Amino acid sequence: MRRLLAKTGGADQMVTEFIRVNDTLLPPKIFHKLVPELESDYCGYGDIPLVVQLLGSDPESLANNALRALELGAPAIDMNFGCPAKTVNKSRGGSILLKEPEVVHDCVKAVRDAVPANIQVSAKMRLGYEDKSLAIENAQAIEAAGASYLTVHARTKVEGYKPPAHWEWIAKIKNSIDIPVIANGEVWNPDDYWRCREVSECDDVMIGRGWVANPFLARQIKDETFPRELEESWQLLKPYMLGFYNDVIAHIEERHVHGRIKQWLQMLSWHYPQAKILFDEIRTERNAQRVGDVLKARLGSV
Ligand SMILES: Cc1cc2nc3c(=O)[nH]c(=O)nc-3n(C[C@H](O)[C@H](O)[C@H](O)COP(=O)(O)O)c2cc1C
């Protein structure tokens with residue numbers, strides 16, 4: 001998906017999903033499995049660097065693993081204080097740490113102190129765990145620890161992924177610290193992007209699900225002449241979808257192929273009604289080749 005989205009263009013930077021750090025130094029093979037881009041000369045795509053994200057609560061171990069990520073070619077390190085998953089929170093990772101701003105501080109500081117000064121160390125947080133009472137304190141802790149910038153997903157853990165995202169809270173945070181803040185949450189189209197910038201008072205926005213649902217979103221934001229009309233953009237998307245299928249077939253165990261394709265088609269359906277029709281057509285198909293046959297028939301040959 002990252003390969004595909006990098007090709008559709010428009011982004012300035014991408015971030016990996018988190019690599020979970022416990023109290024050990026992870027072997028290179030774990031980094032390579034989760035971030036295969038590390039194996040090429042440059043971790044990223046053209047002029048889009050791919051920042052490697054770590055998640056954990058052991059400052060020393062986070063620092064050691066950050067150094068390892070850099071040795072392996074990561075251009076910068078981001079730290080996750082937003083993940084809401086139960087299994088992750090149970091082992092003191094992600095959004096649960098927002099209950100303890102001093103731990104958030106110590107994690108960011110340990111990584112900041114360990115890595116060379118020219119390497120950016122950033123953090124991503126939600127507004128809190130149960131409520132927003134520690135939002136500012138956490139942001140200030142991240143700034144005091146020396147983070148280069150902060151990304152804010154404008155919801156608490158308890159709010160999950162339910163709209164709305166509270167962009168006005170990002171402005172509050174931005175006005176209480178001096179490092180750059182990147183706004184995140186519920187940006188599904190270029191209009192959302194501009195409203196998010198206005199309300200959050202941020203110049204930069206991170207997009208997640210909206211970009212997977214509409215792979216041209218970043219491009220449409222950057223270039224307002226890029227087609228937005230659904231049928232025209234669906235036609236443009238077709239070769240990328242076939243490319244995605246070929247990539248999945250090449251890299252993923254055959255029995256999982258149908259699941260990956262369906263998963264993306266479902267997300268595409270949030271934006272493109274055409275994707276829902278295609279999804280319904282392959283919904284009961286589990287054979288990778290036959291899924292490919294339907295895609296090729298509907299989307300044109302590769
Ligand atoms: C399936 C899934 C996996 C995610 N994994 C990560 C992750 O590893 N690291 C992270 O910082 N955010 C992760 N997020 C959160 C998104 O980066 C983003 O903050 C959130 O979806 C809100 O932005 P959006 O409304 O643009 O999607 C994940 C979200 C989803 C739905």
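**Entry 1: polar contacts and charge across the interface**

I looked up the interface of domain 1 and domain 2 first, and the rule finds three residue pairs in polar contact across it, both residues at pLDDT 80 or more; a polar contact is a pair of N or O atoms within 3.5 Å, where within protein one must be able to donate a hydrogen and the other to accept it, and residues adjacent in sequence count only if both atoms are side-chain atoms. This is a predicted model, in which local features need pLDDT of at least 70 and side-chain atom pairs count only at pLDDT 80 or more, while totals for chains, interfaces and linings use all residues. I note also that residues are numbered from 1 along each chain as its sequence is written, and that side-chain values use heavy atoms, with hydrogens and water left out.

Between the two domains I counted one salt bridge, meaning a side-chain nitrogen of Lys or Arg within 4 Å of a carboxyl oxygen of Asp or Glu. I also looked up D247 and R3, which form a salt bridge with their closest N and O atoms 2.7 Å apart.

**Entry 2: the domains and their contact**

I took the bounds from the domain assignment, which gives domain 1 as 2-222 and domain 2 as 230-299; such bounds come from an automatic or database assignment. The centres of the two domains, taken over C-alpha atoms, are 29 Å apart. In the contact (heavy atoms within 4.5 Å) I found 11 residues from domain 1 and 13 residues from domain 2.

The area buried between them is about 1100 Å², with 72% of it from carbon and sulfur atoms; buried area is the accessible area (1.4 Å probe) that two parts lose on being put together, summed over both. On the domain 1 side, L4, A213 and F216 lose the most area to domain 2, and together they make up 43% of what that side buries.

**Entry 3: the ligand**

Which residues come nearest to the ligand? Of the 15 residues around it, they are Q53, K124, N184, E186 and R209, where near means that a heavy atom of the residue lies within 4 Å. The side chain of Q53 has an N or O atom 2.7 Å from a nitrogen atom of the ligand, and that of K124 has one 2.8 Å from an oxygen atom of the ligand. For E186, a backbone N or O atom lies 2.7 Å from a ligand oxygen atom.

I then checked the backbone of E186, which has a positive phi of about 65 degrees although it is not a glycine. E186 sits in the loop between β7 (181-184) and α8 (190-200); helices (H or I, at least four residues) and strands (E, at least two) are DSSP runs, numbered from the N terminus.

The peptide bond from P163 to P164 is cis, with omega near 5 degrees, and I placed P164 in the loop between β6 (150-156) and α7 (167-174).

The structure holds 15 salt bridges. I looked up K222 with D12, a salt bridge whose closest N and O atoms are 2.7 Å apart. K222 lies in helix α10 (residues 217-222) and D12 in the loop between α1 and β1 (14-20), so this pair ties together parts that are 210 residues apart in sequence.
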